[in-house]
Amino acid sequence: MSQSNKRTTIKSLTLVNFKGIFFKTLSMHHLMSNLIGHNGAGKTTVMGALLINRVPDNRLIRLRNNSDSGSDRSDNGVWGRIDQGVCYTVVDYERYDGKRVTAVVQLKRLGKPRVEIKLSAITGIDHDIPVRDLLMKPTGEGRYEPIEGKTLKGHIARLGGTLENFKSLGLYMAWQFENRVLPRRMDSSQDRQRYYRMLETSLYGGLSSELQKGLRDYLLPSDNNVRTSVSSMQNALQETRNTRQQIDSSRGKREFIKTVLESSYALGENTLALAEQRHTRLQQQLRHTLQQQETMKLELEAGQQQVDALEHQLEQLNTTRDQLSQQEQQTRSSLDQSRELDRLHSEQQQLTNEITNLREFLKEQHGHQSLLKEQKARQVNVVAELDEDLNGLVKQLSDAKQAYSEELRKAGLYQEAIRSLEESRLLLNEPSLDSDNLARFVQDITTERESLQDSYYSQKPMLEQMELIRQRFDQAQAILGSFADIDGQSITDDKVAQMADQWLNAGREKRHFASKLPLHNQQHRDLKQQLQRRQSLANEIKRLPKPWRGSLNSAESWLTTLAQACEQLAEQTALKETCEFQLQDNRVREMQLRNDLKRAIEDHRQWSDFQQLSDAFLNLLPEQRLTQAEDLSHARQTISSDQLNLNRLDVEQEEHLKTTRNRLRGLEQLESEDDSQLQRLAELTGGEIVSRYFDDDDISIEEAAWLEAKMGPLRQALMVRDIETATAIIRNEAERPEHVWLMQGAPGSSLSEDDFINAPLNQPEDGSVLVTLSDSIARISKEPEFPTIGRLAREKERQRLIDLEEELLDKRQAMAVKRKQLQQASEILDKLAAVGRWLGESEPPVRELEEQLQTLENRLHSLTQQQNQLQQQLSSLLPVIQFLEYRQSDAQPAGTGSTGRTDDDDRRTDGTGENSVRMVEAV
């Protein structure tokens, strides 16, 4: 194949930042590519991206789901298919000469449903560079973001390519034609519309008149034989067209029913919401009125005015209620939808019953478990009783064992008694001794033993005395013998008495001296105790405070110091009592200040709440003023009035919005069966429908309505080159409209309706147009509300209505915000009524009371320190006074009287008493 006949082939389609697809590149086959996926998987988005890249005309693009379960059939424009930020639809081509070219369409959301479209092309890039590296830059961690503008142009230049921007759609379509992407230049909007319809039909499936005409005009040469072949194909495809028309009709009806249901739901919701708002507002107003009647008797007159206003509002509400009752009849049709909810509720109730049955079953299981626990407890009791019986048996067995042991012991004793009896017989040599005469024999032996004991005890004292005398004599003799050994003499029994008398006299003298020894010892102990007391007194004086220790140098100074201490004690006690009185007084003052501060803090909290509420109220309604009690009533009346005005305006805006939306729906043109048949006849005859001549004219919707009324039925006429030839073709068609108007002229050339229709210029502007057909025939036609001719005019009017709809929605949103602010302000007023006594009042003096309390606490602290100091002084003074009073007797000088001691006694002392006296006098 020569290079002149080779076409450019598509390689891939790339979507960037589309709804549900951030980045995706789809490889395309040069002959046919299939797109398969579940509902909502994104098939329509992918096909729409390809359509947008080929024909980026925002007026033509209408994306629709090819199934009844699409994700969102309400938004079929580009705005709903892309996300915020920069979006791209990119088609990569391999040009006829093997070079790579890329068509880039940049999309960006504006105000709904407007979309900004920028057209560009990339050339000079190698085939091995992926599309992602062309349009996106990495941001780290495997993430990318799209680039645009000069940044994109510089990035393409660094890769060795060129980015060419197109300022118009015609230049972009011409670039596609020059690169052999399109078969024709597509200079006019009509050509682009036909090409778009052909692409749309081929993408979404099915054949239509657009596909046939596109195949004839763009892909096939102009030849009568070809036209005849195409005409013969139409009969075979007629059934397909009828099926498609029925599907479109059913879809249109379904959309209309859906719109009616949504309008009914919206009307019902708005009606209920409005009634609820008015009911809530009425309850709030009544509650506020009751509060004013109970708490503000002085404002009775203002309250009466509010009651009158409320009665007026009640009358209005009654009127509104009657209107709502009428509207309620219209909304009852929407109650059928609630039956499904009732069915779901019934199923939920069944599930609830099943859960209840399960809970009862669980309760029964718990009951069985309780019975098992009771049986276990009874078995435990039985086991305990068996244990008690077993313990009793063990105890009985033990008692029987003890009784048996006792019997064994008795038997042993009996055997021992028998053996003793036998031994007694042997010892006493009494063979006749037995158990019968044993008692008599034992009695005789006992009598004999008692007589012997009496004789022994009667002679025992004399024997003991004689034994004692003998022992003492032996001792005296031994002692005297020891003395005789010392003197070198021998002691005989005759000299014992003489020497004993001598030594007895010496003993008497020693005993006399020993009798005086305790007296001397007592005197020595008294002197020692006196010395110890003096030493203790000196040690205690050293432990006294220095001022008191230095003044104790004599008995007289002892008394003087004691008097001074008592006097100082009285002064310190008086100061302490004064300090305690001041402390008590300040503590009472502190308690009062704390109570005042507590009340002030609570008042300050209420005052702060009031200020916050007041600030919040003034932030919501800055034009209001809250300086006195009457301002609250005035503000409430103002809010009520504003709420009524807002409700009225909201109703008006809602009606205006409904009217606008109705006009928008009226501007949506649905292709009827007659339109399809006329289009088919125009294709067969090579003509053009007259109304298509005015589609691209820059006229207003009013001019289009006037023009349609002027044209009348001729707006659906066919402009043909030859009426007779066209008539012959039409006669052969069985399926055609009842009336087909024909006008002879050059199809595709300019058209002036004045060449065919005569309408007087001076006509009243009453919505009707008079057309003179002949001298005796005329026609007067009413201007339609939604003209079918003038596509550009309808698009302008549609865009104007969309802008108006957005404006109305913005106004309603602003009114909703204002209504919410008024509602919040009303709630704040209710809260302000509870703390209204702070209106116009100054801030409670919390800071001043805190400063006074701090000063008082400092004063209490200083008095407490002073009291502690006095207490310490008293604590140190009391032991001094107690010591001076207690040891006053010990501080007197030692007496000089006789103590009854002899000189020998003094000489026999060790000097301790003399030293003690000297130490006491020194002290």
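## A contact made by N17

The side chain of N17 reaches the backbone oxygen of Q84 at 2.9 Å, a polar contact in the sense of a pair of N or O atoms within 3.5 Å, where one must be able to donate a hydrogen and the other to accept it, and where residues adjacent in sequence count only if both atoms are side-chain atoms. This is a predicted model, in which local features need pLDDT of at least 70 and side-chain atom pairs count only at pLDDT 80 or more, while totals for chains, interfaces and linings use all residues. Residues are numbered from 1 along each chain as its sequence is written, and side-chain values use heavy atoms, with hydrogens and water left out.

N17 belongs to strand β1, which covers residues 9-18, and with a relative accessibility of 9% N17 is buried (buried is under 20% relative accessible area, exposed over 50%, and partly exposed in between, for a 1.4 Å probe and protein chains only). Apart from neighbours within four places in sequence, N17 is in contact (heavy atoms within 4.5 Å) with F22, I82, D83, Q84, G85, V86 and C87.

## The protein as a whole

The protein has 21 helices and 13 strands, taken as DSSP runs numbered from the N terminus, with helices being H or I of at least four residues and strands being E of at least two. Of its 923 residues, 30% are buried, and among contacts between residues at least 6 apart in sequence, 71% join residues at least 24 apart.

## Cysteines

The structure holds zero disulfides, a disulfide being a pair of cysteine sulfur atoms within 2.5 Å. As for individual cysteines, C566 is partly exposed at a relative accessible area of 31%, whereas C579 is buried at 2%.

## The largest cavity

There are five cavities of 30 Å³ or more, where a cavity is a set of points, on a 1 Å grid over the protein atoms alone, at which a 1.4 Å probe fits but cannot get out, and lining residues have an atom within 4 Å of a point. The largest cavity holds about 60 Å³ of space, the volume being the space filled by probe spheres set on points joined across faces, edges and corners.

Its lining consists of R281, Q284, Q285, R636, I639, S640, Q643 and S826. The elements that give two or more residues to this lining are α7 (224-295) and α14 (629-667), and α14 gives the most, with four residues. By type, the lining residues divide into one nonpolar, five polar and two charged, where Ala, Val, Leu, Ile, Met, Phe, Trp, Tyr, Cys and Pro count as nonpolar, Asp, Glu, Lys and Arg as charged, and the others, Gly among them, as polar.

Key
1 Å grid on protein atoms, 1.4 Å probe; cavity = no way out; pocket = protein on both sides within 12 Å on 5 of 7 lines; lining within 4 Å.
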